[in-house]
Amino acid sequence: MFDQDKYRQEVLDPARRNGNVPPADLFTRYAISIDRIPRGDQFSAHLAEVLKYWQSLTQRRAYLRIAETLISAHRQMDQAGQLTAEHFAGERDRHTAETGQKIKEVVEDMVAGGQVVAAATVARVAAGLGGGAEADLRRELTKRRIRILDELWPLPEATPGKGRDVLRDKRLLGLRLAIDVLAADAGSPARPVTLRKGLRLNGQPVTAQMFREARDRAERRAQDDRKTAIENLLVNLGDAFEKGNLDQLVLWELTEAMREAADMPLATVRRVSREGVRVGLDSNEAEELALALLMAGEGTAAPRNPTAEVEELFAAGSLRAAERLIATLPAEEGVELRQRIQEAVRKVAALVTKAQQEIAAGRPEHAAELLTEAVREAADDTDLAGRLRTLAPPAVPSARAGAASGDHVTTSWTPSPARTGGVAYQVVRTRQRPASSATDGEVVGRTDGNEIVDSRPPAGAELYYTVFATRSDGVWSPGVSAGPVRLLPEVTDVSVAADETSVRVTWQARSDASRVTVARADGSPVACSRGGFTEEGLQPGREYRYLIRAGYDAGNGRVTDSAGVTATATPQQAPRVVPDLAVEPLPGQDPGKLRLVWTAPASGTVQLRSAPHRPRWQRGAELTETEMTGYGTELVARAEPTPDGRFARTVPMTQGRIFVTAFSVGAGRAVCGPTVSVTNTAPVTRLRARRIGDRVRLSWDWPPGIGLVRVRWWPEGAEGHVEQADCWLRSYRDDGGLEIPAGSGAVHVSVATVSRDAEGEAVGSPVTVRVSGTGVKVRYRFVESNRLFRQRTRIEVSTEQVCPLPELIVVQTAGRIAPLRPEQGTTVARIPAQRLEPGKPVSVDVEVRNPRGPYRLGCFVDGHGDDGSGVVLMGTPGGR
Amino acid sequence: MTRLTCPYCYGRFAEKEIKFRCGGLHPIEGKPCAPGPDPVRGQVLGDTKLQLPVVEGNGKRLSARCAKCRIETTIQICPNCHSQLPVHYSKINNRMVAMIGAKFSGKSVYMTVLMHELIHRVGRRFDAAVTGADERTRKDFSNEERDLYTEGVLPGATQTAAAERGRAPFVFRVSLGEHRRFRSTLRHTVLSFFDTAGEDLESDKGVAENVRYLSCADGIIVLLDPLTVPNVMEKFGLDPSVLPQAANRADSPINILTRVTEVLQKLPGNGPNKMIDIPVAVAFSKVDALWEGLPQDSPLRQPAPGTPYFDEGDGEAIHAHVQALLYDWEGGQIDQLLTKNYRTFRYFGLSALGAVPAVRSPGQARQKVGGAIQPHRVEDPFLWLLSRLKVVTTGKD
């Protein structure tokens with residue numbers, strides 16, 4: 001039997017106080033006892049009875065809002081088919097869980113605020129959490145030792161008589177509370193003051209005897225300002241005591257002491273009560289007084305103007321509520337507002353009529369558009385909203401599905417051509433066939449967009465993805481399907497390890513893979529487990545290829561295999577350590593590159609890896625390829641054989657210092673080889689070379705921080721004959737650069753910076769220069785001798801290097817000045833062209849003309865310029 | 001009696017005239033001698049710094065006792081300028097090498113580079129120890145060497161003797177040979193270099209102010225800039241920017257040599273019909289600018305000998321070549337002047353820097369070298385003079 005009065009008092013009235021929010025618990029909302037839930041038709045009949053009661057309440061202004069809200073919610077659930085006991089029970093469980101969580105959060109907040117809370121606050125908070133939450137909230141607060149004050153401490157409304165004088169005298173005496181003057185020592189009482197159940201000082205009620213004793217003590221004091229203040233205080237307090245107002249006076253004094261803290265921003269009970277405790281009030285009472293002060297500060301709302309309330313409802317789109325509320329007002333109030341509301345009502349009615357016509361004409365989307373506009377005007381018209389929801393949006397024009405990445409499927413579609421907003425899409429996955437309804441299959445997801453990703457599609461089967469559009473649950477557009485899509489993911493993390501005669505291959509297969517098969521290149525199967533296989537007795541040096549395929553259940557007992565991944569392995573002999581590794585800056589090399597030269601090991605392939613630090617393995621240590629690849633990065637470049645049978649690889653040179661290690665790899669293992677450190681120091685700049693005879697004088701600009709360079713030089717066309725010299729900055733400065741014995745031919749010179757430290761030596765990028773050659777040095781000297789009083793002059797030509805001697809001439813000039821050029825004098829002797837060898841000087845007599853006067857002799861190459869002869873003549877001019 | 005020459009003021013004095021300076025040590029009784037003004041140093045060198053008292057004594061002895069503090073001192077000073085003499089100055093060879101040259105001929109750079117070469121490369125060649133003979137030389141030379149070799153900046157223009165009365169020469173001590181048990185070949189020579197400002201030689205007055213300096217010299221290096229020889233720039237097709245801007249206005253080598261010759265002719269002992277006996281090394285600097293214009297077999301383009309003696313053959317070849325070049329360049333005026341007035345002279349070609357320095361940009365305080373200091377044959381004139389003075393031996397390859 002539905003008890004309407006009890007229901008109104010226990011359910012509707014709290015809901016009204018809670019801002020017309022219906023109880024979240026549907027059993028409570030529909031006045032159904034959880035112990036006696038009606039079944040079948042009885043359940044529906046009960047709901048109909050309750051609905052009827054709500055409709056009757058719409059005639060009562062006080063219950064209009066809550067009744068309308070309840071009716072609207074009822075219709076919505078009715079349309080969704082949710083007016084069932086099961087749905088109520090599910091909602092109750094969900095609400096209970098949500099409320100429990102919220103209560104916990106609220107309790108935490110309240111605990112942080114202080115140890116006391118007003119009952120009104122609890123009720124208000126509980127109402128926000130839904131009906132029935134107050135009891136739970138109170139229980140939780142009690143558990144946390146939070147006191148709930150059903151009645152706040154009434155605060156004094158005005159300043160009591162002589163209150164200000166009492167405060168002044170108290171401050172003058174430095175007392176915390178004025179009644180402390182009654183204490184025997186006129187100081188701080190040993191126990192806090194209590195007031196709520198009558199004023200008690202030091203646990204004792206205040207008596208006239210206390211005043212007498214206090215006056216006696218005051219009389220015994222010497223006359224001073226303090227004595228006067230004490231006497232005044234005793235007079236004022238005594239008056240209040242006699243009139244029975246002492247409690248009020250003390251309470252006022254306490255509120256004055258705590259008010260400043262209460263008026264502070266973000267004041268809490270804990271913070272305000274601290275002020276009360278500071279002046280001697282009991283801590284519990286201080287919290288209660290603080291709560292009263294803070295609650296008083298919140299104030300009460302002014303009574304509302306009904307017309308303004310209607311205006312507010314109308315502006316918020318609650319047309320029906322505004323319409324009903326204004327009907328309860330006197331006719332002379334809100335005339336203009338009344339007109340506007342009526343106009344809106346007429347507009348909505350016209351829209352609805354037109355929408356019905358559109359539906360009848362078979363244009364539901366046009367009707368939806370009109371109803372959307374009507375709902376915008378009357379948002380609280382649940383009937384209108386319900387009508388709109390019953391209109392399914394048009395289906396999406398097309399849908400596509402694809403598995404680009406191999407392990408998930410992306411479905412996209414062209415948006416529905418709906419004329420209204422609020423359209424959502426639900427994608428349903430089915431096997432073998434498209435979905436016939438929005439719930440026929442696995443719901444992949446729901447979105448407002450036009451793409452959805454199925455991150456865990458089953459592998460092997462043919463999958464269809466069907467897209468349904470909706471404005472509301474239960475009202476779906478026809479489905480549009482995409483597919484079929486079949487996922488056949490490959491095995492992953494394939495790892496191949498080969499030693500001298502066996503190959504081991506491992507991989508990761510998906511858990512839904514039915515099987516994994518492996519076949520050799522010739523198609524013969526290889527026995528394997530789900531995770532790998534090992535094949536023994538293989539031939540070293542031969543390449544073996546394996547096709548690994550994962551099979552998936554395709555339905556109907558069939559298994560479909562993936563395309564497969566190929567693993568290749570070559571059994572190899574155990575690798576040997578790389579004998580040597582060197583950095584060799586060679587002529588013509590790009591300064592930004594590094595040339596690494598090594599001798600190939602007896603077995604294994606060489607892999608060069610660079611890292612900013614040395615490898616942790618000793619030279620010759622054996623390690624796995626995984627360990628090796630974890631060290632640095634591989635220097636990838638084509639290895640070229642060198643004339644001396646070694647191999648060289650030119651790689652880009654990174655900035656800073658690197659360590660390059662040569663690993664020998666093979667048979668699934670690696671052997672750590674030699675390590676060289678290379679520092680990409682800045683190269684020398686402005687390298688200049690000047691030939692001075694058979695020597696070359698070099699100079700360059702030193703980069704900052706470099707104190708050593710390595711100079712290498714080699715004759716042009718003979719790059720294998722490299723000579724080398726190190727030059728320190730000190731000797732470079734002291735000796736004026738560097739002179740190298742370059743010989744007479746053209747040479748190439750490279751200068752590379754060198755960095756030495758505890759790690760060893762690092763050679764930087766070389767800078768090269770070509771120095772053109774000079775002629776072979778041929779020395780000549782004039783020898784004079786007297787033979788039988790006849791002076792004889794000979795020229796002797798020698799060399800330190802075999803050379804073809806061109807024809808030479810001896811030129812004589814008169815006077816003291818030696819000839820610079822042949823044409824400056826007379827040719828007096830000739831040395832025919834011939835082969836000149838070291839230790840075999842050529843001597844020719846010179847017939848000096850007019851030897852009596854001063855003359856000079858010079859030797860020149862006949863008929864050549866400075867550089868065309870291939871020799872450089874060195875000697876002292878003859879003559880006297 | 002052999003008279004000594006002060007390496008600082010070039011005044012002559014007898015050994016016994018050498019004075020001493022108190023060491024300023026604390027005596028057992030009484031107070032130590034306090035520094036005070038030394039009017040002689042102020043008058044001769046323009047040095048007004050306070051000095052410890054001068055102690056009179058017998059210069060032939062190596063020590064004297066201060067009359068005031070009664071402490072013996074071994075600090076010998078010149079009786080003329082009161083400069084502290086190098087240790088055992090009166091007991092070892094001392095040679096004055098004067099260096100003169102026109103403004104912007106590169107004297108200061110040459111002297112710094114020459115001393116650097118003597119200390120390092122040439123020092124190793126001759127197994128010689130070359131050190132500064134006094135604190136000022138060591139300090140100032142180190143500064144100039146650092147500026148040039150480390151900082152890479154050229155020295156500023158040298159102040160004239162008139163403008164800087166206290167400008168003191170660099171004094172170095174060269175130790176050659178080795179100490180043996182029965183026959184030591186160790187010999188020390190004090191070398192005094194006086195860096196003449198270019199302007200000193202561009203007027204008769206300037207030259208006259210250096211008379212004492214030249215008259216005391218045991219050898220003279222005359223540094224000439226071949227680029228200031230008329231027509232050389234055009235003959236070699238050189239870029240005019242290789243010359244310092246002001247060098248264009250510098251006096252020609254023949255004028256400089258003429259003035260020097262006249263000064264030397266006025267020295268006591270010389271007459272109108274007497275040749276000047278002081279050996280003169282006429283060195284043409286900056287041959288690096290002419291490098292490409294010289295034939296490949298030019299002796300100037302050959303490296304200096306590395307022999308531990310002065311190579312006379314190499315020197316003669318250079319001399320004959322430069323002499324011929326002079327005739328080629330300017331018709332032999334210089335050679336004629338030298339031939340007619342000097343009994344011993346020798347031509348040289350050298351480069352102190354090894355390359356033409358970069359042109360000074362407007363904001364630069366001092367001109368930058370612009371590369372390594374790569375001197376070429378800077379030591380040749382000096383070694384030739386030392387060979388003439390019997391400090392180093394002579395040989396012929």
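**Chain B, sheet.** I began with strand S3 (residues 19-21) of chain B, which three bridges join to S7(B), the two running antiparallel. The model I am reading is predicted. I then looked up a residue pair in this stretch: Phe20(B) has Gln76(B) in S7(B) as its bridge partner.

I next traced the sheet around this pair. It is an open sheet of three strands in chain B, ordered S4-S3-S7, and the pairing is antiparallel. Strand S4 (54-55) and strand S7 (75-77) of chain B are at the edges; each has a single partner strand, so one side of each is left without a neighbour in the sheet.

**Chain A, sheet.** I moved to chain A and found an open sheet of four strands in the order S21-S22-S27-S26, with antiparallel pairing. Its edge strands are strand S21 (581-583) and strand S26 (639-641) of chain A, and each pairs on one side only.

I checked one pairing in detail. S21(A) pairs with strand S22 (residues 593-598) of chain A over three bridges in the antiparallel sense. Within it, Leu581(A) has Trp598(A) in S22(A) as its bridge partner.

**Contact between the chains.** I looked up the residues in contact: 24 of chain B with 28 of chain A. On the side of chain B that touches chain A, helix H9 (residues 312-330) of chain B gives the largest share, nine residues. I sorted the residues of that side of chain B by type and recorded 11 nonpolar, eight polar and five charged.

Definitions and conventions
Residues are numbered from 1 along each chain as its sequence is written. Chains are lettered from A and ligands numbered from 1 in the order in which they are written. This is a predicted model: local features need pLDDT of at least 70, side-chain atom pairs count only at pLDDT 80 or more; totals for chains, interfaces and linings use all residues. Two strands pair if DSSP finds at least two bridges between them. Two residues are in contact if their C-beta atoms, placed from the backbone, lie within 7 Å. Ala, Val, Leu, Ile, Met, Phe, Trp, Tyr, Cys and Pro count as nonpolar, Asp, Glu, Lys and Arg as charged, and the others, Gly among them, as polar.
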